[in-house]
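Reader: Could you walk me through this structure, one question at a time?

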Amino acid sequence: MAKRADVHLSEKSLSKALNKAGYEYRNSGEKGWYFVGDGDEETVQEQLIYDFAIAGKTGALVD
């Protein structure tokens, strides 16, 4: 979901959106993002990352 080249979020905003989508980053062992949320991961992956990002006052997607 977040590996697409056309995602226009800062690293911090993207990280927050992934956490909200049910993913966590593991820095030990096999590093990377892993789905730990409730429900079906495929359903989450079908959504846009922007569905999980927080919109700012101007409508731009910011933290």
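This is a predicted model: local features need pLDDT of at least 70, side-chain atom pairs count only at pLDDT 80 or more; totals for chains, interfaces and linings use all residues.

Author: Residues are numbered from 1 along each chain as its sequence is written, and side-chain values use heavy atoms, with hydrogens and water left out.

Reader: Which pattern of helices and strands does the protein chain follow along the sequence?

Author: Happy to start there: the protein chain has two helices and two strands. Helices (H or I, at least four residues) and strands (E, at least two) are DSSP runs, numbered from the N terminus. Read along the sequence, the pattern is α-β-β-α.

Reader: What percentage of the residues in the protein chain is buried?

Author: Buried means under 20% relative accessible area, exposed over 50%, and partly exposed in between (1.4 Å probe, protein chains only). Of the 63 residues in the protein chain, the buried ones make up 22%.

Reader: How far apart in space are V7 and L48, C-alpha to C-alpha?

Author: V7 is found in the segment before α1, and it counts as buried because its relative accessibility is 18%. In sequence V7 and L48 are 41 residues apart, while in space their C-alpha atoms are separated by 9.5 Å.

Reader: Is G22 buried or exposed?

Author: G22 sits in the loop between α1 and β1 (23-26). Its C-alpha atom is 8.5 Å from that of E41, 19 residues away along the chain. With a relative accessible area of 11%, G22 is buried.

Reader: Which residues meet in a salt bridge?

Author: A salt bridge is a side-chain nitrogen of Lys or Arg within 4 Å of a carboxyl oxygen of Asp or Glu, and the structure holds one. R26 is partly exposed at 34% relative accessibility, and E24 is partly exposed at 33%. The N to O distance is 3.1 Å, and the partners are R26 and E24.

Reader: Where is W33?

Author: At 34% relative accessibility, W33 counts as partly exposed. W33 and S15 are 18 residues apart in sequence, and their C-alpha atoms are 9.6 Å apart in space. The place of W33 is in strand β2 (residues 32-35).
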